[in-house]
Amino acid sequence: MTGIALSRRTRKRVNARLLDALTWLVLFVMLAPVLWLIIASTQTKLHLATGEIDVLHPTFKAFRQMWQTVDFEKYFVNSLVICGAAALLATAFAASAGYALARFKFRGARPFGVAIIGTQLIPGSLFLLPVFMGFIWLKQNTPIQLFDTQLGMVLVYTAFFTPVAIYFMRSFFLALPRELEDAALVDGCTPFGAFVRIVLPNALPGLVATFVYAFLFAWDELLFVTALTQTRAETIPIGIRNFIGNYSQEYSQLMAAGVVSTLPVLLAFFLTQRWLVRGLTAGAVKG
């Protein structure tokens with residue numbers, strides 16, 4: 001019996017080591033492009049062209065040259081403003097609508113919830129032409145200017161990310177115990193006061209997860225920002241595309257631009273990963 005027990009423990013230990021090795025292998029494969037991006041951004045154009053990578057003597061000249069080659073600051077600021085505002089608005093709308101769907105029973109609640117999910121089945125590219133024609137019509141016939149403006153892109157991204165954000169927040173609110181709000185009402189809070197003072201603080205992981213989700217997807221979006229902007233509201237994906245089209249031989253600067261555009265996304269994820277994981281899994285059991 002002792003030999004059998006030792007054999008089982010040995011087998012479990014070996015399986016655990018194999019799983020650890022597989023995990024590290026998968027992690028390395030996933031991070032290898034990012035590591036190569038960082039290493040290549042610290043090399044000169046000549047080193048990258050000849051394949052003579054000098055890891056021991058990195059240089060950051062490409063980062064300085066990148067800002068001078070193209071107006072990368074404009075793309076970076078536009079991305080921060082547009083993506084941040086759109087994610088904030090989508091989260092605010094989703095918090096209100098998600099709470100209503102989770103807590104209140106009203107006529108049409110179920111069809112409304114199904115319609116929200118149904119919007120995600122329609123390819124976003126189908127809306128491109130109507131939105132583009134609508135922006136051009138407003139530009140030509142009204143004082144409202146949405147084409148090639150930060151406001152126009154904020155409205156577009158908010159409209160696209162709000163439905164899935166509502167689904168996230170509804171699932172999270174369903175996982176919160178209703179007793180918290182009942183206790184607040186007994187203590188004299190109004191329903192709105194209970195929502196602001198009790199529900200929203202407890203829903204912080206869901207709010208953070210929704211905000212980060214919308215921000216990350218807006219940061220990488222290219223199709224709509226290409227069609228709906230010209231010069232004033234272009235974001236980082238447009239900047240990278242223009243960089244590749246006009247300076248395709250500047251390998252180190254292209255890599256530096258990739259690092260700069262990737263860094264805010266990585267920071268947003270790592271700084272909020274604890275809340276992000278809690279928020280995305282909160283409604284997995286209930287709702």
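This is a predicted model: local features need pLDDT of at least 70, side-chain atom pairs count only at pLDDT 80 or more; totals for chains, interfaces and linings use all residues.

Residues are numbered from 1 along each chain as its sequence is written, and side-chain values use heavy atoms, with hydrogens and water left out.

Helices (H or I, at least four residues) are DSSP runs numbered from the N terminus. Their axes are lines fitted to C-alpha atoms over the stretch in contact, and angles run from 0 to 180 degrees between N-to-C directions.

| Helix pair | Crossing angle | Axis distance |
|---|---|---|
| α7 (residues 150-175) and α10 (residues 204-220) | roughly 155° | within 10 Å |
| α4 (residues 72-103) and α10 | roughly 140° | within 8 Å |
| α8 (residues 179-186) and α9 (residues 191-202) | about 140° | 9 Å |

The angle between α7 and α10, roughly 155°, makes α7 roughly antiparallel to α10 (over 145 degrees). Contact, meaning heavy atoms within 4.5 Å, is made by Y157, F161, V164, A165, F168, M169 and F172 of α7 and by P205, G206, L207, T210, Y213, A214, F217 and A218 of α10. By class, this contact of α7 with α10 has 13 nonpolar, 2 polar and no charged residues, where Ala, Val, Leu, Ile, Met, Phe, Trp, Tyr, Cys and Pro count as nonpolar, Asp, Glu, Lys and Arg as charged, and the others, Gly among them, as polar.

On the α4 side the residues are F76, S79, L80, C83, G84, A87, L88, T91 and A95, which meet L207, T210, F211, A214, F215, A218 and W219 in α10. The residues of this contact divide into 12 nonpolar, 4 polar and no charged.

Helices α8 and α9 pack at about 140°, which makes α8 oblique to α9. Their contact involves L180, E181, A184 and L185 of α8 together with P191, A194, I198, V199 and N202 of α9, and these residues divide into 7 nonpolar, 1 polar and 1 charged.

The count comes to 1 cavity of 30 Å³ or more, a cavity being a set of points on a 1 Å grid over the protein atoms alone where a 1.4 Å probe fits but cannot get out. The largest cavity has a volume of about 40 Å³, the volume being the space filled by probe spheres set on the points. Its lining residues, which have an atom within 4 Å of a point, are R103, L176, P177, L180, E181, I198, V199 and N202. Both α8 and α9 give two or more residues to this lining, and the largest share, 3 residues, comes from α9.

Terms used
Angles under 35 degrees count as roughly parallel, over 145 as roughly antiparallel, 65 to 115 as roughly perpendicular and the rest as oblique. On a 1 Å grid over the protein atoms alone, a cavity is a set of points where a 1.4 Å probe fits but cannot get out, and a pocket is an open set with protein on both sides within 12 Å along at least five of seven lines; lining residues have an atom within 4 Å of a point.
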